[in-house]
Amino acid sequence: MNLSLDEPIAALASPPGSAARGILRLSGGDVRAVLAEWFEPQDGDAWQHMRVAAIHAGVLKLPHARVPIPVEAHLWPNHRSYTGQPTVELHLSGSPPLLEAVLAELHRRGARPARPGEFTLRAFLAGRLDLLQAEAVLGVIDAHDHVELQAALAQLAGGLSGRLADLRHDLLELLADLEAGLDFIEEDIEFVGRGELIHRIALARRFVEDLLQQSSDRMQSRTRATVVLAGLPNAGKSTLFNRLAGSDAALVSTHEGTTRDFLSAAVDW
């Protein structure tokens, strides 16, 4: 994988399909240079010299478009963007052909197509996200229900990272107390007692064990897949259904068409 982080990359940042608004993201390098010759902002001076994040209204002039395309360019000119790099998000009409045309022009102007997850990879490498938060981005995208979404959002917000930071802080304080006691071992000073030391270590160990237990199914879908048994009459669908379900819910007979009712069962495989 090419990890040239200064290379500009571009991709669709909104869900595919028609919508009132579509978003294209451009990040890395001199993003304004990629748009220089075909984006006309209403305030050209502000666009060129703005040092903080701002929204710039203007138009895009595609080579084969008869009319200019209204667009809002959300510019992060410094490293305080999602990726930690200069970034532009183009907000325009969510017409798929239009978005494809603008994206193709971005690529023609020097922005490489972003690989899957590359914006988040750059955010991680720039220190904008830790590894757990980077994983949570995928969890948000792949969430199948409200519970999974809330778990992923909590992780993305730093909930798990914050708990690990608290654990590290507590262990460092415990280590400091222990080392101070060793430094003053000849003095009648006790910074931490043996009982308290064992108790605090036990709490830390229990915390880590709980995290390991949770990690076994963290970010994994709990939704069940739906499987349909289909086939010719008298092919053995009812027999297979009973075997899978572990019951005799379906009638089994040598006569065709014996099972006519809709049957369903939850199967733990």
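Modeller: Let's begin with β4 and β5, which run antiparallel and are joined by seven bridges. Strands here are DSSP runs of E with at least two residues, helices are runs of H or I with at least four, and both are numbered from the N terminus. Two strands count as paired if DSSP finds at least two bridges between them. Within this pair, Ile-55 sits opposite His-74 of β5.

A quick word on what you're looking at: the model is predicted, so local features need pLDDT of at least 70 and side-chain atom pairs count only at pLDDT 80 or more, while totals for chains, interfaces and linings use all residues. Residues are numbered from 1 along each chain as its sequence is written, and side-chain values use heavy atoms, with hydrogens and water left out.

Now zoom out to the sheet those two strands belong to. It's an open sheet of seven strands with mixed pairing, in the order β3-β4-β5-β6-β2-β1-β7. At the edges you'll find β3 (39-41) and β7 (112-113), each with a single partner strand, so one side of each has no neighbour in the sheet. For β3 there's an antiparallel pairing with β4 over three bridges, and Phe-39 stands opposite Leu-60 in β4.

In β4 the covered face holds Ala-54, His-56, Gly-58 and Leu-60, and the uncovered one holds Ile-55, Ala-57 and Val-59.

Move along to β6 (residues 87-94), where seven of the eight residues are buried, so the rest of the structure largely encloses this strand. By "buried" I mean under 20% relative accessible area; exposed is over 50%, and partly exposed lies in between (1.4 Å probe, protein chains only). β6 pairs with β5 (residues 69-76) in the antiparallel sense over five bridges, and Val-88 is the bridge partner of Leu-75 there. β6 is also joined to β2 (residues 19-27), again antiparallel, by seven bridges.

The angle is taken between N-to-C directions on a scale from 0 to 180 degrees, using lines fitted to C-alpha atoms, for helices over the stretch in contact.

That brings us to the largest nonpolar core, with 24 residues; Leu-35, Leu-90, Leu-92, Val-102 and Leu-106 touch the most other members. A nonpolar core is a set of buried Ala, Val, Leu, Ile, Met, Phe, Trp, Tyr and Cys residues joined through side-chain atoms within 4.5 Å. At least two residues of this core come from each of β2, α1 (31-35), β5, β6 and α3 (96-108), with α3 giving the largest share, five. Leu-106 shows how things come together: beyond its neighbours within four places in sequence, it is in contact with residues including Leu-24, Val-34, Leu-35, Trp-38 and Leu-90. Contact means heavy atoms within 4.5 Å.

Another helix, α4 (residues 118-125), also packs on the sheet, touching β1, β2 and β7, and its direction makes about 130° with that of β1. Among its buried residues are Phe-119, Thr-120 and Arg-122. Arg-122 has a relative accessible area of 2%, and its side chain reaches the backbone oxygen of Glu-7 at 2.8 Å. Leaving out residues up to four places away in sequence, Arg-122 touches Ser-27, among others.

Ser-27 belongs to strand β2 and is buried too, at 0% relative accessible area. Its side chain makes a polar contact with the side chain of Thr-87 (3.1 Å). Such a contact is a pair of N or O atoms within 3.5 Å; within protein, one must be able to donate a hydrogen and the other to accept it, and residues adjacent in sequence count only if both atoms are side-chain atoms.
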